2 protein chains.
Amino acid sequence: MSVTDAAVPEEVTPDLSETGADDTVDRELLVDNLRYTLDGRWRETRQYARRNMDRVDLLPDPTLTMQESRDRTFEHIRELGKLDFAAAGFRTEHGGTGDVGASITAIEMLGYADLSLMVKAGVQWGLFGGAIENLGTQRHHDKYVKPLIDLDLLGCFAMTEKGHGSNVQALETVATYDRETDEFVVHSTTPSATKDYIGGAAQHATLATVFAQLVTAGPGQEPEDHGVHCFVVPIRDDNHEPMPGVTIGDDGPKGGLAGVDNGRLSFDHVRIPRENLLNKYADVDDDGSYHSPIDNPNRRFFTMLGTLIRGRVSVAATAGAAGRKALAIATHYGLERRQFEAPDSDSEIVIMDYLAHQRKLLPLIAKSYALAFAQNEVVEELHEVQTAKPEDTEGDDSMAGRQRELESAAAGLKAMTTWHASHAINVCREACGGNGYLDENQLSIMRGDIDVFTTFEGDNTVLTQLVAKELLSAYAEDVRGLNTVGWARFIADMARDVILEKSAARQVVQTLLDSSGEDPEESELSNRATQVRLFRNREDHLLRTCANRLRRATAEDADAFAVFNNAQDHLLKVGHAHMERVVLEAFIEGIENCDSKAAADLLGTVCDLFVYSALEDDLDWFLMHRHVSVERAKAIRRGVNELCKELRPHAQTLVDAFGVPEALLTVAMEG
Amino acid sequence: MSVTDAAVPEEVTPDLSETGADDTVDRELLVDNLRYTLDGRWRETRQYARRNMDRVDLLPDPTLTMQESRDRTFEHIRELGKLDFAAAGFRTEHGGTGDVGASITAIEMLGYADLSLMVKAGVQWGLFGGAIENLGTQRHHDKYVKPLIDLDLLGCFAMTEKGHGSNVQALETVATYDRETDEFVVHSTTPSATKDYIGGAAQHATLATVFAQLVTAGPGQEPEDHGVHCFVVPIRDDNHEPMPGVTIGDDGPKGGLAGVDNGRLSFDHVRIPRENLLNKYADVDDDGSYHSPIDNPNRRFFTMLGTLIRGRVSVAATAGAAGRKALAIATHYGLERRQFEAPDSDSEIVIMDYLAHQRKLLPLIAKSYALAFAQNEVVEELHEVQTAKPEDTEGDDSMAGRQRELESAAAGLKAMTTWHASHAINVCREACGGNGYLDENQLSIMRGDIDVFTTFEGDNTVLTQLVAKELLSAYAEDVRGLNTVGWARFIADMARDVILEKSAARQVVQTLLDSSGEDPEESELSNRATQVRLFRNREDHLLRTCANRLRRATAEDADAFAVFNNAQDHLLKVGHAHMERVVLEAFIEGIENCDSKAAADLLGTVCDLFVYSALEDDLDWFLMHRHVSVERAKAIRRGVNELCKELRPHAQTLVDAFGVPEALLTVAMEG
């Protein structure tokens with residue numbers, strides 16, 4: 001496997017503007033260099049995927065029935081199984097190849113083909129496999145990892161219930177230990193305890209990793225609820241019939257993801273061996289006594305959940321890919337399609353030449369670049385954290401902090417990217433007019449498929465709030481799990497310094513900041529340090545003022561919930577502002593790491609458009625809080641237009657650099 | 001038919017806040033009074049529709065194949081045919097009952113059931129029927145109107161081509177008069193001349209109203225292109241096979257509207273009798289000579305198009321209905337669903353109690369109210385204009401002006417309402433989490449169905465621009481049809497006064513303005529006159545500055561297209577600002593006409609939320625142009641939160657008043 005086709009030579013690409021000799025060759029080199037940069041550390045995985053996925057038959061087929069779509073996705077995942085995509089997600093000692101980053105990157109690449117296929121793969125190897133891998137111990141690894149990689153064992157991930165999605169700690173499924181038989185009895189205690197939306201449950205899965213309240217009584221003790229734990233529960237027998245006590249339902253047709261068999265599971269006193277508890281973080285002895293290396297139940301719960309972060313990261317990565325693909329399709333069309341006469345000409349105007357059209361697509365392309373760099377960083381950090389050898393990190397307190405910040409970054413980026421992708425695909429559909437609505441042009445299918453990405457793996461509003469809460473509590477231990485009031489009181493008691501302390505910058509950003517003046521209003525808006533300062537100052541301002549508001553919750557007569565609730569929009573804004581700053585800084589670092597001058601220059605302009613658009617979207621805040629003057633605000637608006645004009649000639653280059661396999665961009669429409 | 005259940009008694013409903021006696025009864029009365037107000041002039045039609053449409057079997061069935069969906073929609077439209085919905089759209093002398101307003105209202109009500117059904121009905125009776133009715137003469141009315149009302153004749157409306165959607169004047173289908181045979185020869189001159197997205201073409205229609213360039217040579221003359229005209233072209237024979245020379249394609253699966261058989265038509269020298277020209281505005285004699293009462297080809301074209309406005313109005317009306325239905329479904333769910341523990345309580349918090357959830361749904365509900373009042377006004381004006389007897393308006397110059405302003409209002413409201421509906425349904429889907437994604441809960445189906453409403457009957461961006469252009473040219477005759485440069489030059493030559501002159505207010509608004517001070521910054525923001533002034537001042541400011549920018553196009557060395565293009569975002573903003581002002585004023589008039597004090601008070605608060613949200617969405621503009629101070633801007637943000645809190649207890653009432661038939665709100669999900 002080689003990536004020479006994208007390798008950056010020592011002598012970097014000449015700047016396009018400096019050469020008139022052979023623009024075509026230069027453009028191709030520029031595309032290669034951009035793609036190389038954008039591909040990040042797992043570029044070999046991407047290239048491998050591109051070579052193997054450049055097949056039009058991988059695209060969703062809208063003429064199939066739901067059942068046919070499910071069957072076809074199932075066939076495709078079996079083919080994928082042969083490509084060694086899956087083993088990367090599992091440690092070598094468990095039977096995998098131990099390359100977490102590659103496994104997520106491979107799943108992301110499926111987003112260029114078919115989101116149903118990605119979800120199906122994500123459920124099997126990421127969620128179900130991830131639970132076995134990260135919550136189980138050797139007995140589970142030995143038994144399940146190899147067969148699940150090879151698809152000899154098909155599983156599903158049964159966490160969400162009808163009654164509880166965001167509030168996982170309140171799940172109503174209960175697994176009670178029965179000392180007599182040395183079994184857990186898994187039971188859906190209410191109708192709302194029914195597991196729902198479970199990918200794979202409706203048809204293919206034979207095993208489920210079921211999240212349930214663990215109840216057990218130690219010797220001579222009363223039964224006690226130890227909180228949510230994960231259990232391996234067989235749901236279908238050898239004839240693929242539901243196991244005794246297991247009721248399986250089908251969620252039926254959905255807004256998209258036709259190839260995914262989402263279903264419902266409920267349990268009527270289903271007995272499983274004690275060994276089926278995934279017992280890495282807690283175990284029950286045969287006498288019923290419960291023990292865990294983590295004493296605090298909240299911390300234990302969130303530690304377990306934290307190991308499952310891969311699902312969230314994969315969803316964000318894939319949404320990013322889907323958004324880029326839609327933008328590539330719409331941009332190609334916008335560069336071909338003509339409408340209304342050009343002045344002094346017989347031909348009509350290419351619609352991408354209209355400012356309104358540029359304003360629709362180019363800022364979204366810029367944001368896609370920004371998010372891709374941020375995503376690459378999260379995947380890299382996730383890889384580092386999850387592949388660190390226990391013996392190397394033992395006693396290393398920083399690992400817990402890194403895990404915590406990683407979870408927050410993953411949550412924030414998931415919300416930001418899935419909202420962006422859903423919005424971008426919607427805009428792209430509309431930008432292709434009636435053509436966009438025909439399934440033969442893909443965008444309408446993608447629009448339906450992407451929709452639920454804003455919901456699954458964490459509702460975006462809840463996740464954005466989570467990011468803000470983590471920031472406000474400075475990632476303090478033992479805050480999570482507190483209810484709203486408890487949390488508000490905690491924040492109120494914290495010193496302001498703790499919050500601001502978190503703003504230490506990465507090296508490249510610190511250097512930028514050090515080399516420029518302090519006052520953002522004095523310097524050029526195109527100055528990168530000024531841009532960073534605007535983003536950082538906004539975040540700090542919001543954090544400080546939000547903390548102040550929440551502090552009121554401690555007042556003697558305060559209704560703590562009301563204080564929290566009144567500040568909820570403020571809190572969400574903290575999350576947005578934080579993530580936008582994080583993404584900008586990742587973009588800057590990405591450009592810093594680009595060795596091609598021409599590519600870096602173009603990325604610089606793309607970064608400018610990302611910044612100007614973000615500022616424009618939040619201009620009222622910047623004006624209201626006097627972080628920009630009226631004159632500067634007007635310059636920002638003008639700047640977006642000017643940057644659109646500047647990037648217009650590079651539109652094709654920018655979307656080509658996404659590296660979506662040609663066959664997967666197949667559409668019927670022509671300009 | 002009676003509407004006593006919603007009638008407002010002389011002695012109006014007591015204000016809810018003043019009574020503690022029997023809140024339940026009062027709430028129902030309040031709902032009735034709100035609905036009565038919102039229902040507008042054609043409330044009897046609405047009530048009739050409600051009684052006949054309260055059937056769960058009218059909802060789309062997502063388990064059907066595309067073919068089954070089409071068949072089912074076809075069955076439903078046959079049932080509708082029996083309800084006398086259709087005849088209202090046609091003049092009594094043509095065989096109808098001549099109630100244009102009722103016909104549009106009836107079609108709008110279908111939006112509560114199934115958007116496929118609405119589109120199918122809209123194509124048959126509104127577009128195809130509308131073309132016959134409004135562009136044809138007695139020979140066409142006699143032959144087609146009765147059978148098309150009764151569905152003995154099924155038609156389609158073949159305007160859009162692959163190559164031309166927005167730019168209808170550039171259609172490439174040509175109808176050439178052949179004197180030898182006294183026929184028109186209809187021909188698709190290029191592949192891009194293929195008619196596309198034509199509802200009904202793929203399967204059901206036997207006749208098409210085809211828009212084509214009319215080419216004819218008068219005696220001793222060269223053939224001349226007289227521009228786009230409409231022709232009746234049989235596309236299927238008695239065996240339902242394509243007519244000779246007609247090629248019919250199927251657009252296949254789409255992003256939604258599964259029950260509509262969209263297709264493609266191309267013509268290979270298809271011959272039709274000369275009489276098949278819909279000849280109200282132009283005719284060709286048997287010697288090939290062309291004559292029209294309207295000399296100017298542009299004016300003729302836009303006059304013909306203008307008579308087809310009903311389609312655009314119906315689409316806006318239906319989108320409004322779909323948005324309201326989605327908000328009713330999401331609000332019901334939000335009032336039942338609980339998540340996360342309430343402080344000092346065992347139960348969880350109703351999600352509608354979260355500020356973030358209120359902020360998602362309540363401003364959209366407020367905007368739905370605002371748009372509904374504006375829509376009612378447009379329907380009323382359309383009814384008046386289209387039912388005016390020719391003998392009463394002969395020589396009445398104001399009719400042309402009314403028609404022109406009506407077209408602009410219809411275009412603007414179509415863009416505003418369909419964008420609103422698409423956005424609202426998307427938000428509602430997300431607000432219902434995983435449940436929202438299951439077709440059994442309707443929202444995901446609606447999300448797919450509504451999408452193309454932003455495109456068909458005029459791309460929203462193009463329509464918004466049209467509104468602005470009309471304003472800037474003060475609805476001057478003969479401006480339409482000018483290309484971009486010609487138009488920009490026209491604007492440049494106009495005096496500023498002509499533009500501002502258009503801002504004369506309706507009586508109720510003028511009274512408001514007269515009774516308050518001049519300076520919006522000095523008065524209370526809750527003051528209605530202040531609100532109107534903010535909206536009007538924004539519009540005037542944008543209009544004036546946009547005109548100034550466009551004036552640069554006349555400079556000696558100016559690139560007129562570049563001048564126009566650089567101002568395109570400004571131009572679109574003019575359109576938005578204008579429409580928002582028009583909608584606000586319609587809301588104010590709607591409240592003025594509400595005889596129930598309790599209902600009017602509640603509507604007043606809803607109107608406040610509409611205003612505050614609109615101001616919040618555009619706060620950067622108001623700040624940048626110093627139309628509001630920083631302090632006022634902060635008050636606006638706070639105001640949205642406060643109004644959400646104030647309206648939270650009325651959420652159920654507000655959506656009940658939409659009057660969506662109970663059966664059509666059927667969903668599987670429970671809170």
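This is a predicted model: local features need pLDDT of at least 70, side-chain atom pairs count only at pLDDT 80 or more; totals for chains, interfaces and linings use all residues.

Colleague: Which residues of α15(B) and α18(B) meet?

Modeller: From α15(B) you have W487(B), A488(B), I491(B) and A492(B), and they meet A547(B), L550(B) and R551(B) of α18(B). Sorted by class, that contact of α15(B) with α18(B) has six nonpolar residues, one charged and no polar ones.

Colleague: Now α9(B) and α11(B): why do they count as roughly antiparallel?

Modeller: Look at the angle. Helix α9 (residues 355-387) and helix α11 (residues 397-431), both of chain B, pack at about 155 degrees, with 9 Å between their axes. Angles over 145 degrees count as roughly antiparallel, so α9(B) and α11(B) get that label. The crossing of α9(B) and α11(B) is left-handed. As for the residues in the contact of α9(B) with α11(B), 17 are nonpolar, seven polar and five charged.

Colleague: Let me try chain A. How are α11(A) and α13(A) arranged?

Modeller: Helix α11 of chain A (residues 397-431) packs against helix α13 of chain A (residues 443-450) at an angle of about 155 degrees, and their axes are 9 Å apart. That angle makes α11(A) roughly antiparallel to α13(A). On the α11(A) side the contact is made by A421(A), S422(A), I425(A), N426(A), C428(A) and R429(A), and on the α13(A) side by L443(A), M446(A), R447(A) and I450(A). By class, the contact of α11(A) with α13(A) has six nonpolar, two polar and two charged residues. The handedness here is left-handed, as α11(A) passes α13(A).

Colleague: And salt bridges? How many are there over all chains?

Modeller: The idea is that side chains of opposite charge can pair when their charged atoms come close. The count over all chains comes to 84 salt bridges. One to look up is R55(A) with E79(A), whose side chains meet at 3.0 Å, N to O. This pair links distant parts of the chain, 24 residues apart: R55(A) sits in the loop between α2 (43-53) and α3 (66-81) of chain A, and E79(A) in helix α3 of chain A.

Colleague: Last one: which domains does UniProt list for chain A?

Modeller: The unreviewed entry gives "Acyl-CoA dehydrogenase/oxidase N-terminal" for residues 71-150 of chain A. That span is 69% helix and 0% strand, and its end C-alpha atoms lie 18 Å apart. For residues 156-270 of chain A, UniProt has "Acyl-CoA oxidase/dehydrogenase middle", and there the chain is 0% helix and 46% strand, with end C-alpha atoms 17 Å apart. UniProt also places "Acyl-CoA oxidase C-alpha1" at residues 306-472 of chain A. Those residues are 76% helix and 4% strand, and the end C-alpha atoms are 19 Å apart.

Key: Residues are numbered from 1 along each chain as its sequence is written. Chains are lettered from A and ligands numbered from 1 in the order in which they are written. Side-chain values use heavy atoms; hydrogens and water are left out. Contact means heavy atoms within 4.5 Å. Helices (H or I, at least four residues) and strands (E, at least two) are DSSP runs, numbered from the N terminus. Ala, Val, Leu, Ile, Met, Phe, Trp, Tyr, Cys and Pro count as nonpolar, Asp, Glu, Lys and Arg as charged, and the others, Gly among them, as polar. UniProt positions are given in the numbering used here, feature names are shortened, and annotations may be inferred rather than shown by experiment. Axes are lines fitted to C-alpha atoms, for helices over the stretch in contact, and angles run from 0 to 180 degrees between N-to-C directions. Angles under 35 degrees count as roughly parallel, over 145 as roughly antiparallel, 65 to 115 as roughly perpendicular and the rest as oblique. A crossing is left-handed if the near helix is turned anticlockwise from the far one by less than a right angle, and right-handed if clockwise. A salt bridge is a side-chain nitrogen of Lys or Arg within 4 Å of a carboxyl oxygen of Asp or Glu.
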